[in-house]
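Okay, thanks for coming, everyone.

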Amino acid sequence: MAGCRGSLCCCCRWCCCCGDRETRTPEELTILGETQEEEDEILPRKDYESLDYDRCINDPYLEVLETMDNKKGRKYEAVKWMMVFAIGVCTGLVGLFVDFFARLFTQLKFGVVQASVEECSQKGCLALSLLELLGFNLTFVFFASLLVLIEPVAAGSGIPEIKCYLNGVKVPGIVRLRTLLCKVFGVLFSVAGGLFVGKEGPMIHSGAVVGAGLPQFQSISLRKIQFNFPYFRSDRDKRDFVSAGAAAGVAAAFGAPIGGTLFSLEEGSSFWNQGLTWRVLFCSMSATFTLNFFRSGIQFGSWGSFQLPGLLNFGEFKCSDSDKKCHLWTAMDLGFFIAMGVIGGLLGATFNCLNKRLAKYRMRNVHPKPKLVRVLESLLVTLVTTVVVFVASMVLGECRQVTSAAQVGNDSIPLQVTSEDVNSSIKTFFCPNETYNDMATLFFNPQESAILQLFHQDSTFSPVTLALFFVLYFSLACWTYGISVPSGLFVPSLLCGAAFGRLVANVLKSYIGLGHIYSGTFALIGAAAFLGGVVRMTISLTVILIESTNEITYGLPIMITLMVAKWTGDFFNKGIYDIHVGLRGVPLLEWETEVEMDKLRASDIMEPNLTYVYPHTRIQSLVSILRTTVHHAFPVVTENRGNEREFMKGNQLISNNIKFKKSSILTRAGEQRRRSQSMKSYPSSELRNMCDEHVTSEEPGEKEDLLQQMLERSPRAKTGPWRNASAR
């Protein structure tokens, strides 16, 4: 169910009641995308609908139950298990596709640019190398931005929208096939374009779309894809499959099926049951091992060996055999971990605050302008990021001594870290033999490789290099999250936090003299602290990191660090996903109510003048209701009990099914556009995207005939006591 916010709006199973009380009401301001001037707070928008997750126990539903027997029930349950298995496999294949092509494009880009740098370092033509890198990055990001223009809801990670969907708020277009295609292709172009984004967050959204669409066997985007599959048509069933798909996305991203299940439970759905737990876990396992099977076979040629469980692998943490004093962590280190959790929470709160201000700036100054401005903003961020990466790698790095564990080569050195399954590379730009460029090693590599360097590199990174890298990466990642490209936040947060943790380890070892410290552990704790301070996840993130490291002994320090980081960050603001939910104006209920809400009664927030419809209503009346109200659902009132039973079987008061979609009088988006124009203001970015499609109107004579027609009987009636009357 959608939420109730003060006296603004309340949506329940039977109705959504909202009132207009001023010349320009808060509801009208939110439709326009404006903010409340006093508190500068985004108000809940009114163009969202609630999903019906509760079973409606009525006469038609009881008739369906009477026709069910044990055999049909077992068949229905078996089909459910087959569907969750198919969702897991498809999500794993989507992750394989994104990883393969993102890796292919990245290797192509770095191969060409590194060869150019090696040649131009002697000839003095490094500007040409920079232009080559700019050409690759700008081209990839341009394609990613174009895909977002096709489907605007594909921008960002998609986690806030999926969280809203699982909690009962229907975000338009969030689980469509077109959204999935734009998300998948857009994120691989964003990653290949050198932006500080990750592909793990969009994987969660992609899995959710697969979960929503696959059991339906039909597509709104491609109407020709439609099969006669009679199962799983209710919002309740779709919610369960979306929960499974989101968990499968986490499992495929991190190789963490248990963490994915807990993520879907903790951050996603507020509707849960015991049977769903097993199905979600099975779906997560299917996604993990599907991706593992194909990645291991493609990269190592060992089909069936299962060597690469997820898109992001942390490798094996263990001390060097030659260092007898080294320990992964000790009880004395817990004090440092708590302090790092506090600092991580402060850094995460700062990141969220800055990103919220940037998002509000974009809402006021970028989104209302033509769509080309969004593309130009993405290209500007790419330009600045590319120049910073190139200049920092060539100028700000220090030449550090390579330990005997690393084999030095010419330009890119394969580095076997503490496990045979994890490989990375170090860069020797402008450094003599037996040394490497520490800044180029972090910046001139894929982000996953840079994380592995910070976790497992035995050689030291300069504290100055780590500090500069952290500041630059923090600033650019904060600026990048929110532009019009598909983008995730997990990997940038992990990399930024790993640099912070490695810096703390260097200071403790070099300046305080704590020789027992293992730098990889502090890098991992720093990554957990910063990520926890940004997203404010606890249980699921703890399990995800433990499964990614395959080291259960890290459970206690990771859990303590995440708890401290969350408590510290919550003192200042919300998590990044909750912030973006609020910025979108989604009427999402909080887990805990505010003190003022405990004093309210239903009469304080409900609209006293209820709008309702009869089973037999002229289209003209429905159009008038849609034009004069801002909510979406209306109760159907019958004069006697006998008419209700017949009406429930045959009639359907849903204006989506009125077969006159080309008529502007039945288009709610057109009404919102006219309302916005009459207010002499700009609509929000989402509303502009809804209104961009040209709507043709019927002839006046035909229109008059349409308005006088009665709704026809429909054989496909929903089994609920109310009908959704919003026209889209």
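Now the caveats. What you see is a predicted model, so local features need pLDDT of at least 70, side-chain atom pairs count only at pLDDT 80 or more, and totals for chains, interfaces and linings use all residues. Residues are numbered from 1 along each chain as its sequence is written, and side-chain values use heavy atoms, with hydrogens and water left out.

The chain has 728 residues, and 55% of them count as buried. Its secondary structure comes to 26 helices and 10 strands; here helices are DSSP runs of H or I with at least four residues, strands are runs of E with at least two, and numbering goes from the N terminus. As for surface, the chain exposes about 31800 Å², with carbon and sulfur atoms supplying 59% of that. Those areas come from the Shrake-Rupley method with a 1.4 Å probe, and for residues only the protein chains shown count as cover.

Contacts next, meaning heavy atoms within 4.5 Å. Of the contacts in the chain with a separation of 6 or more, 78% are between residues 24 or more positions apart.

Let's go to helix α10, residues 274-300, where S284 sits. S284 counts as buried, at 0% relative accessibility. What does S284 touch, leaving aside neighbours within four places in sequence? The partners are A247, A248, A251, P257, G260 and T261.

Further along α10 we get to L291, which is also buried at 0% relative accessibility. Setting aside residues up to four places away in sequence, L291 touches G92, G95, L96, A252, L308, P309, G310 and L311. Then there's V94: 197 residues from L291 in sequence, but 8.8 Å away in space, C-alpha to C-alpha.

On to salt bridges. The rule is a side-chain nitrogen of Lys or Arg within 4 Å of a carboxyl oxygen of Asp or Glu, and by that rule the count comes to 11. One of them pairs R295 with D99, where the closest N and O atoms are 3.3 Å apart. R295 lies in helix α10 and D99 in helix α3, so the pair ties together parts that are 196 residues apart in sequence. Both R295 and D99 are buried.

Another one pairs E161 with R584, with the closest N and O atoms 2.6 Å apart. E161 is in helix α5 (residues 159-166) and R584 is in the loop between α20 (576-583) and α21 (602-605), so this pair ties together parts that are 423 residues apart in sequence. E161 counts as buried, at 5% relative accessibility, whereas R584 counts as partly exposed, at 23%.

D570 counts as partly exposed at 36% relative accessibility, while R536 is buried at 4%. Also, salt bridges that share partners join D99, R103 and R295 into one network.

Stay with R536 for a second, because its backbone stands out on the list: phi is near 60 degrees, a positive value in a residue other than glycine, and R536 counts as buried, at 4% relative accessibility. Its place is the loop between α17 (519-535) and α18 (539-549).

How many of the 11 residues of α18 are buried? Eight, so the helix is largely enclosed by the rest of the structure. Among them are L541, I544, L545 and I546. Following α18 comes N550, with a positive phi near 55 degrees. N550 is in the loop between α18 and α19 (555-570), and it counts as exposed, at 70% relative accessibility.

That's what I have, so over to you for questions.

Methods:
Buried means under 20% relative accessible area, exposed over 50%, partly exposed in between (1.4 Å probe, protein chains only).
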